[in-house]
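Subject: Structure handover, with notes on what was found

Dear colleague,

I am handing over the structure below, and I would be glad if you could look through it with the notes that follow beside you.

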Amino acid sequence: MARVFRWGIIGAGNIAGAFAQGLGDLPDAECYAIASRDEAKAASFAKKYGCKKYYASYAEMLADPSVDIVYVATPNNLHYTHTMMALEAGKHVLCEKPFAITCEQAMAMMRTSREKNLFLMEAMWSRFLPSVLETKKRLDAGEIGNPLLLQAEFGIHPPYDPTSRLFDPKLGGGSIPDIGIYPIFLALFLFGDPLSVEIISVPAPTGVDMTTTIVMKHKEDRMSVLTSSFAFDLESDAKITGDSGRLRLCRMFHIPTTLRVRHKVDEPELEIPVHLEGNGYNYEAQEVMKCVAEGKIESDMWSHSHTLRLLNIVERAAKDAFFNT
């Protein structure tokens with residue numbers, strides 16, 4: 001009989017709820033405990049998602065010996081603190097993106113996971129989605145010839161509130177760490193590390209980036225043009241153009257989505273069937289449990305080095321916006 005991994009979740013917001021729902025689609029996972037500073041919120045979350053335990057203290061949940069793996073779903077500025085708390089308590093950790101505010105923080109987290117021999121991964125859920133994996137497979141097979149250009153964007157238009165997690169620099173705000181991380185991830189995943197990076201940002205009044213475009217040159221003359229914004233809505237799709245065709249991850253490209261291909265310029269787009277199980281969060285959770293069962297401290301699919309390469313660009317873009325306010 002397969003082992004059932006008991007998950008504890010820190011933070012009871014929307015992303016935590018989506019992840020808990022994803023766990024419900026996995027027979028070897030149990031959404032065992034939820035911790036929130038608001039006890040009423042924790043109790044409500046536990047009732048909704050079937051958690052056996054709820055805590056008004058993160059430390060109390062981390063002291064529960066029944067918790068095998070912790071999912072950190074608190075605001076960006078708290079990822080480092082809560083991940084380190086969980087690791088020090090002897091728990092394996094899946095930490096929501098962005099993994100940390102700085103590469104220095106990230107390296108400290110990774111160093112602790114190695115010292116404790118505990119699994120640690122950034123929750124870059126798009127890396128494990130069937131639509132993204134199918135895109136990479138078809139590009140590698142040469143379905144659109146030599147892929148030369150990636151255009152990926154993500155834009156939303158929330159009300160401006162300088163105290164919200166989206167705009168407050170103390171909370172790790174900015175479009176790049178919140179939503180721009182997805183286009184950057186896709187560029188690194190499909191085209192590899194950049195040879196050069198150019199960043200243009202328009203900052204919000206608080207100093208975080210409001211709108212940012214990043215242009216990266218990759219090997220084999222490939223380029224990626226990546227945009228994120230809190231100033232306006234965008235189509236939020238991703239197009240990969242090759243010398244003989246085009247692949248498109250439709251709106252919203254970072255979640256389970258429609259995949260379309262055009263083999264020649266004068267041909268119509270064809271929809272590619274992509275089978276999805278659950279709400280998508282189940283795939284990253286399954287990878288975590290597989291790695292823990294195998295005694296690994298990081299995933300080959302989304303390793304510590306992958307996270308550092310991504311965070312390096314995110315950190316650079318955030319600093320560029322702040323220092324040009």
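A search of the whole structure finds 19 salt bridges, where a salt bridge is a side-chain nitrogen of Lys or Arg within 4 Å of a carboxyl oxygen of Asp or Glu. Please keep in mind that this is a predicted model, in which local features need pLDDT of at least 70 and side-chain atom pairs count only at pLDDT 80 or more, while totals for chains, interfaces and linings use all residues. Residues are numbered from 1 along each chain as its sequence is written, and side-chain values use heavy atoms, with hydrogens and water left out.

One of these salt bridges joins the side chains of lysine 116 and glutamate 88, at 3.2 Å from N to O. Because lysine 116 lies in helix 5 (residues 103–116) and glutamate 88 in helix 4 (residues 79–88), the pair ties together parts that are 28 residues apart in sequence; helices (H or I, at least four residues) and strands (E, at least two) are DSSP runs, numbered from the N terminus. Lysine 116 has 38% relative accessibility and so counts as partly exposed, given that buried means under 20% relative accessible area, exposed over 50%, and partly exposed in between (1.4 Å probe, protein chains only).

Aspartate 237 forms a salt bridge with lysine 239, with 3.5 Å between the closest N and O atoms, and aspartate 237 counts as buried because its relative accessibility is 5%. A further salt bridge, at 3.3 Å from N to O, is found between glutamate 294 and lysine 290, and these two belong to a network of salt bridges that links Lys290, Glu294, Lys296 and Asp300.

Turning to the strands, there is an open sheet of six strands in the order 3-2-1-4-5-6, with parallel pairing, where two strands pair if DSSP finds at least two bridges between them. The edge strands, each of which pairs on one side only, are strand 3 (53–55) and strand 6 (120–123). Strand 2 (residues 29–35) and strand 3 run parallel and are joined by three bridges, and within strand 3 lysine 53 is the bridge partner of alanine 33.

Finally, arginine 222 is found in strand 10 (residues 222–229) and, at 14% relative accessibility, counts as buried. Beyond its neighbours within four places in sequence, arginine 222 is in contact (heavy atoms within 4.5 Å) with Asn146, Pro147, Leu148, Phe191, Met216 and Lys217.
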